Every structure is written in C-alpha cells, then in structure tokens.
Amino acid sequence: PDGMALSGSVVRSSGAAVDTKAGGFAYPTPFDRYPVTNRSTYPQSTVGKVFFTQQAGTYVCSAAVISEHAVWTAGHCVSDGAGHYDTAMTFVPQYQNGVRPKGTFTCTKFTTFAQWHTGLNFRFDQAVVTCGANTKGQTLRAAVGRLGFAYNPTQPKHHNPFGSPATA
C-alpha cells in the first residue's frame, strides 16, 4: 500500500512520515491503485466512462452505476462550475480502448450541488447523472448491476471507491 498507519503517523512508500489527524490518517488519506483485470465481474462491471461536451470541448470522466438509471461522477464532469451544465453526455460501462461491451447509454439529466455548479467549491464536486437505456433496451442496472448509494450513515463506514479519483 501507498501508506499505512504506524504509531500515529502515516508512512508513505517513500519512507517519509506524515503527521496524522483524526482517524489515524493524514488528509488526504492513503491512496492506492489496483488494476482492474476483469471489467465484466461485479462490482467492477458497474464502472465506466462518461463522454461529454462542456464549453465546446469534449472530455471524459469515470462514473459508476448507483441505481436503475443513474451514475455517480464528479461535479466537474457535468458542470463547469460557472453555472453551465454539459450539453451532451453518454455513459459506457466497462469501456476499454474503444470497446463498449454493454453498449452506450445517453444521459439527459445532470444534478450537482449549487456550491459546485455556481461556486467551484471542490468540497461539493460530486454529481448524479440520469441515463436512458442502451440500444438493446436495457437499463444500466439490467446491463451491469448497480453499486447503490448511501448517505448520512449513523457511524463511519468503510467503502471502496471505484473509478475515481484519477490522482491522490
């Protein structure tokens, strides 16, 4: 792992110790990348790419299926932070090197926090995107499954994010 807790400090792979905060880790917490070897196996099957147009440029982000018709992604993938939403978006689960094994899902509704949409507040850089069916008529959940979504847990919970962030 890139970091591990040792006697109240985090030791990076470089050997440098970092002062810790509550929870035993410095902020940001340790970060690791693991290659995905089989994108068709759950839960990896729920992760893919969103392709979108923003301010006349074309971009790509990662996203993960959280319900029948919705994916979770970053706020900057749906809004420029200056009050403008994307003009076009598609989601491709299990995308790799141009291959789209489960098809393409056209996305039509973008939802993000006002603090991101009009204020560029990175603490609120999160979004939900609603997508239609693929050409086979399948919903996201029918095609690849879903991860689900939880908020306001009663106590801290362990979780594994899939697909993001791109950097620590």
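The legends below describe close-up views of a predicted model.

**View 1. The surroundings of Met 89.** Leaving aside residues up to four places away in sequence, Met 89 is in contact with Val 50, Phe 51, Phe 52, Cys 77, Val 78, Phe 105, Thr 106, Cys 107, Phe 110 and Val 129.

**View 2. The disulfide of Cys 61 and Cys 77.** The structure holds two disulfides, and in this one the sulfur atoms are 2.0 Å apart. Cys 61 belongs to strand 5 and Cys 77 to the loop between strand 6 (70-73) and strand 7, so the bond ties together parts 16 residues apart in sequence. The S-S torsion is about -85 degrees, which means that the disulfide is left-handed. Cys 61 is buried at 13% relative accessibility, and Cys 77 is buried at 1%.

**View 3. The disulfide of Cys 107 and Cys 131.** Here the sulfur atoms are 2.4 Å apart. Cys 107 lies in strand 8 and Cys 131 in strand 9, so the pair links parts 24 residues apart in sequence. With a torsion of about 75 degrees about the S-S bond, this disulfide is right-handed. Cys 107 counts as buried at 6% relative accessibility, as does Cys 131 at 3%. Counting bonded cysteines along the chain, the disulfides follow the pattern 1-2, 3-4.

Conventions. Residues numbered from 1 in each chain as written. Predicted model: local features only at pLDDT ≥ 70, side-chain atom pairs only at ≥ 80, totals over all residues. Heavy atoms only, no water. Contact = heavy atoms within 4.5 Å. Disulfide = S-S within 2.5 Å. Helix = DSSP H or I, 4+ residues; strand = E, 2+ residues; numbered from the N terminus. Buried < 20%, exposed > 50% of the residue type's maximum accessible area, 1.4 Å probe, protein only.
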